[in-house]
Amino acid sequence: MTAAKETSRPEGRPRPEGNLGGTAGDRTQGRVSLPAKLARVNEVARSSRQIRFTALLHHVDDEALTRAFERQRRAASAGVDGVTVGEYEQNLDANIRDLCDRVHSGRYRPQPVRRTYIPKADGKEKRPLGIPALEDKIVQGAVAEVLSAIYEVDFLGFSYGFRPRRNPHQALNALQTALMKERINWVLDADVRSFYDSVDHEWLLRMMAHRIADPRILRLIRQWLRAGVLEEGEWRLTEVGTPQGAGISPLLSNIFLHYAFDLWSHAWRSQQACGRVIVVRYADDFVMGFEHESDARKMLADLKERLAKFQLTLHEGKTRLIMFGRFAVERRKERGLDRPETFDFLGLTHFCGETRNGRFIVKRKTQRKRMIRKLTQLRLEMRRRMHTPVKDQWQWLCAVLRGHYAYYGLAGNSRSMRRFYREVVAQWQRVLHRRSQKAKMFGPRFFKLLLRLPLPRPIITDPYRGAPVR
């Protein structure tokens, strides 16, 4: 499973400014400011994909642990030890020295992860979230920094999730460009069932052994994976899965999918596909596009078989193969079908459309379930804040709207953002109207309030530039 020299590029995209470019070997943390020691590790990793690193733990020193501590959120919840960032910071130098000594002497032992649950996107199920102890977060952050300097050399161009200088907008724009510029007629929208809870520990450690030969680093990884979870005072061993919420978890998941999916799918499209195939992956969420239906159906069958090898399965209810692209409207009409189907990726619904001059374009709008869930959360939070000062409510709503526009402010999504803005304004008026029996917030009075305290209007923060494909 060792990777050969990889020449893939981001799907359908040229080299963006300050972004991802050229070969996979160019897209490393070298574009991010790395400490001198890790920059050398990065250069060695770049020099050969066959090099195995036998001594890495010495990079997890006082400075690395301090950097990892500084990256912790000050308001983060405490783990099972109950230690907060503020408490640890009061005697930081001594705490970091003691932690470093324990890591290097082998006396460091990870604590169980505190288990809590957060609602999933559908609002019906809950996703388990692990909250590690603070010192575990610090050591994981320092080790992840070292490992990233190595694995960023190996990761392929179509992988975007939880990587330096990469974000969801880049994945979305790469997908849109590929669907518009390449000969894509079919889309496979795949969902791996409970991926983070299904990662096989032994497979993961075997994959890491292709690059990492330092037994102390591998021992730390194994300890974190098997530290167990503490739920309602009861400890339970974790035999599979990576704890969501742990600082090392996104990197470990990327490593697992790099060997289980990325390298395999890149080889598959080079060796078995008859036509063009594109891939865009963000963490465990990925979309594939195909020129030929035969390729799409063969990939779906082969993908199920490939994932089964690693004890993973596709979610049958969320994995769909649909006709999509510039000829989808005509071909569906020939078959007596309605308009082309849509698919969701990273919170946006993608659908076939036309520009004003009749050219094909992939349009995007806010995913309906995401918007409904967000508006429901806002309504509940507004009621909770009903009796706080109006100016404080206004400042909070401004922050909420700006955050929404920052993510969903993509070209073509103006209508959904305007709807979101109108709903927020209407909800705010209803809350203020119920605030007092005497001073009701009728239309004219609320309009005057908006003139004095205007809420930010929808803006496009990430316009699509339509750059040509290299």
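Six bridges join strand β3 (residues 186-191) to β7, and the two strands run antiparallel. The model is predicted.

- Strand β7 spans residues 285-290 and is mostly covered. Five of its six residues are buried.
- β3 is mostly covered as well, with five of its six residues buried.
- Ala 190 has Phe 286 as its bridge partner in β7. Leu 188 stands opposite Met 288 in β7.
- β7 also pairs with strand β6 (residues 277-282), in the antiparallel sense and over six bridges. Here Ile 278 has Gly 289 of β7 as its bridge partner.
- The β6 and β7 strands form a hairpin, with two residues between them. Ala 283 sits in the turn and has a positive phi of about 60°.
- β3 has a further partner in strand β8 (residues 320-323). Four bridges join β3 to β8, and these strands run antiparallel. Within this pairing, Val 187 has Ile 322 of β8 as its bridge partner.
- In a regular strand, side chains alternate between the two faces of the sheet.

**Salt bridges**

- The model has 23 salt bridges. Side chains of opposite charge can pair when their charged atoms come close.
- Arg 49 and Asp 154 form one of them, at 3.8 Å from N to O. This pair links distant parts of the chain, 105 residues apart. Arg 49 is in the loop between α1 (36-47) and α2, while Asp 154 is in helix α5 (residues 134-154).
- Arg 211 and Asp 154 form another, at 2.9 Å from N to O. This pair also links distant parts of the chain, 57 residues apart. Arg 211 is in the loop between α7 (201-208) and α8 (215-225), and Asp 154 is in helix α5.
- Are the residues Arg 49, Asp 154 and Arg 211 buried or exposed? Arg 49 has a relative accessible area of 8%, so it counts as buried. Asp 154 is buried at 3%. Arg 211 is buried at 1%. The cut-off for buried is under 20% relative accessible area.
- Asp 214 and Arg 216 meet in a salt bridge of 3.3 Å, N to O. Asp 214 is buried, with a relative accessible area of 0%. Arg 216 has 38% relative accessibility and therefore counts as partly exposed.

**Negative patch**

- Asp 62, Glu 63, Asp 93 and Asp 101 gather in a patch of negative charge on the surface.
- The elements giving two or more residues to this patch are α2 (62-70) and α4 (92-105).
- Asp 101 lies in helix α4. Its relative accessibility is 47%, so Asp 101 counts as partly exposed. The patch rule asks for over 30% relative accessible area and no salt bridge.

**Positive patch**

- A patch of positive charge on the surface gathers Arg 339, Lys 363, Lys 365, Arg 368, Arg 415, Arg 418, Arg 419 and Arg 422.
- β11 (360-366) and α14 (414-435) each supply at least two residues of the positive patch.
- Which element gives the most to the positive patch? It is α14, with four residues.
- Lys 365 lies in strand β11. Lys 365 is at 39% relative accessibility, so it counts as partly exposed.

**Helix α7**

- Met 208 is found in helix α7.
- Met 208 is buried, because its relative accessible area is 0%.
- Met 208 and Ile 221 are 13 residues apart along the chain. Their C-alpha atoms are separated by 9.9 Å.

Key. Residues are numbered from 1 along each chain as its sequence is written. This is a predicted model: local features need pLDDT of at least 70, side-chain atom pairs count only at pLDDT 80 or more; totals for chains, interfaces and linings use all residues. Side-chain values use heavy atoms; hydrogens and water are left out. Patches are made of residues with over 30% relative accessible area and no salt bridge: like charges are joined within 9 Å, nonpolar side chains (Val, Leu, Ile, Met, Phe, Trp, Tyr) within 5 Å. Accessible areas come from the Shrake-Rupley method with a 1.4 Å probe; for residues, only the protein chains shown count as cover. A salt bridge is a side-chain nitrogen of Lys or Arg within 4 Å of a carboxyl oxygen of Asp or Glu. Lys and Arg count as positive and Asp and Glu as negative; His and the chain ends are not counted. The place of a charge is taken as NZ of Lys, CZ of Arg, CG of Asp or CD of Glu. Buried means under 20% relative accessible area, exposed over 50%, partly exposed in between (1.4 Å probe, protein chains only). Two strands pair if DSSP finds at least two bridges between them.
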